[in-house]
Amino acid sequence: MQRDISSYAIAPSVKVKLLNAGFLSAADLCDLRPLQLSKEACISQEEAVEVLQAVRCESGQERAAAGRLTALELLGREQELGTIVTFCSALDMALGGGMPVGKTTEVCGAPGVGKTQLCIQLSVDAQIPVCFGGLGGKSLYIDTEGSFLVQRAVDLAQAAVDHCGLLAEDSEQQEALKGFTVETILSNLFLVRCHDYVELLAETYLLPDFLAQHPGVRLVVIDSIAFSFRHDFEDLSQRTRLLNGLAQRLIQMATNHNVAVILTNQMTTKVWSGQSKLVPALGESWGHAATQRLILHWEGTHRLASLYKSPSQREATVPYQITGQGFRDAPPSDQPKASDDPSVRQSGSLSKRPRTEEDQSTRT
Amino acid sequence: MVVLRDGMCPGLSEELVVALRAADITTGTWVLINLFTLVNLASRCGNALLAIRRVLLAQHTAFPVSGADLYEDLLSSTAILSTGNPSLDKLLDSGLYTGELTELAGGPGSGKTQVCFGVAVNISYQLKQSVIYVDSTGGLSASRLLQMLQAKSCNIEEQMEALQRIQVFPVFDIFSLLGCLHHFRCVGLQQASAGGGSVKAVIVDSVSAVISPILGGKQNEGMSMMTQVAGLLKTIAKDFNVAVLVTNTVTRDGNGQLKAGLGQTWSHVPRIRILLQRLERPGSTCSSVRTATLAKSSRQPCHLKEEFDLQCWGRSEEQLYGMSGKRKHTEPS
């Protein structure tokens, strides 16, 4: 079976030269040496070496088969990866334990509804030690709007440390608490500031190397993706292409390096046939980019979070509030409407026992 | 078409190759197409050239098959795979046909991935055959597959066996997708998947996620790669007798009507196309009911519409048929 040269990841200009020299399929290149190839196709020797490496007969097939796994193995891996809690138990239950690691989640909302608060809360929660039910990992926060405030992160970190301090029962947890202080939380939180979409795209190209150097990172937050892409972009189709490519790179990174990727998006108004509705920004095709979509919105004076799109959880709407200590459950007295959600569990979602299958399964 | 080298077919010697190169002829395509120039050259290079042409024609022509043979072949080799949802089966004329490409198009959250899960679970549990799932969005959730299986059977061993029959291939860009599909074509689906039973379906979720970044703008390779993917999927469906199911996005055309994404060229590729939409009911915001519209079919009239519940795969048989039209308010155990 012969595979066309055009289906390999080679630079287009080199492909044109190869085609002009008469090389149409991989079989033509199999038994050539770089010097011969560079003479026949008039390309430089380095390009010839690259082409031969890309086209080497067995490697493509091995690579394609290497990543495969059965659904059973995937199940084991998902259960190992765990989730990042949000400290709002209703939301955690709706999400099946918290933000999933290894998937991309998009958080959309109107200004002021709490997206950045949720992101900072998650950056702190990703570092909760394993014996408290957390992941014990580091976080990377990519800030495009300049809305990350260190003072707020300190408040949230202090509240998380106090919460764990109240829960600590035995010596293992006391030991872990010593390594879980405001200073260590802040030192494990990497902050990157991007000013426009070029910097953001460049950062996503560099991220795999960064994650390989820091294997403890479990959370990558991009707050927000919409800001850089909504300002002065004349060519909307180019924007869609860039966003789609970005989404694919992010999901590839999430899967290969076992990180949870959280993206923040803004809202825009869609007007049609006399009606108007708030919809997430960046277009309809961006809706397919993230694996899960969470929409935060107002209902009068209450804040609600709706799970709009998820491959494994049912749609649900839960109330939440932002307190001085961060992202928390709304007080049970003023819940506007808890549709599809019978009870809101107020018990602490952190406990010593590791997460088992019963915790993860949801009611259908 | 291949570059001419000596030894490729009897009569093609090294001197002949050099002589042809001097006349600027390097590939076999040239030899097949340009008959008049060949005749002129033959007087110089001898009749070996015409003999080579005959050999090349014999090697590369396709042979006609009679309609009756084709029909016999079709009857014996085509299978119809139920999706597990009676409304969808009605739209698809009782299920997914092997040897064909079926497309599910829909906006975000419209249920395409859930339908793919339902089909995979039905084939691996009910029909006890293998499924290959090519995942390009990271949306495959094994815990959801397990949930669907748990609703069908309480036997843990059966559930694990069914899960083992679903092979997952994660691909995140167009080159890995092309490499994966070429791998299937060269090695055969049996070797590509390890679980028991023969492979009956290949699900690609989603094909637009890897193709849309390369279409348009100054990139001139996007269309060719899209056509290669289409060609590979169709060949895999035909040669290995599997049903291919792909998912796609939607866009709006000039009148505001929904149509499948990826443009005009891709719209001719699938044989059957179903558009999925959410129901805009004023009362409930969170509902799992979807409408499926038949947008393109070679067997049924188009624009047939059916409503179905995404939760039907998560329920057992008694609950599905014992409900007799009641809406889902009871919580299945």
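Helices (H or I, at least four residues) and strands (E, at least two) are DSSP runs, numbered from the N terminus. The views come from a predicted model, in which local features need pLDDT of at least 70 and side-chain atom pairs count only at pLDDT 80 or more, while totals for chains, interfaces and linings use all residues. Residues are numbered from 1 along each chain as its sequence is written, chains are lettered from A and ligands numbered from 1 in the order in which they are written, and side-chain values use heavy atoms, with hydrogens and water left out.

**View 1. Cis peptide bonds in chain B and chain A.** In chain B the bond from Asp205(B) to Ser206(B) is cis, with omega near -10°, and Ser206(B) belongs to the loop between β6 (199-205) and α12 (207-211). In chain A a cis peptide bond links Asp223(A) to Ser224(A), omega being about -5°, and Ser224(A) lies in the loop between β7 (217-223) and α13 (225-230). Most peptide bonds are trans, and most residues other than glycine have a negative phi.

**View 2. Positive phi in two loops of chain B.** Leu262(B), a residue other than glycine, has a positive phi near 70° and sits in the loop between β9 (258-260) and α14 (263-267); with a relative accessible area of 13%, Leu262(B) is buried (buried means under 20% relative accessible area, exposed over 50%, partly exposed in between, with a 1.4 Å probe and protein chains only). His303(B), also not a glycine, has a positive phi of about 70° and is found in the loop between β11 (289-296) and β12, where at 65% relative accessibility His303(B) counts as exposed.

**View 3. Helix α8 of chain B.** Because eight of the eleven residues of α8 (residues 142-152) are buried, this helix is largely enclosed by the rest of the structure. Among the buried residues are Leu145(B), Leu146(B), Met148(B) and Leu149(B), together with Arg144(B) and Gln147(B).

**View 4. The contact of chain B with chain A.** The contact (heavy atoms within 4.5 Å) takes 68 residues from chain B and 53 residues from chain A. Four salt bridges are counted between the chains, a salt bridge being a side-chain nitrogen of Lys or Arg within 4 Å of a carboxyl oxygen of Asp or Glu; one of them joins the side chains of Arg278(B) and Glu315(A) at 2.8 Å, N to O. On the side of chain B that touches chain A, helix α10 (residues 174-187) gives the most, with nine residues.
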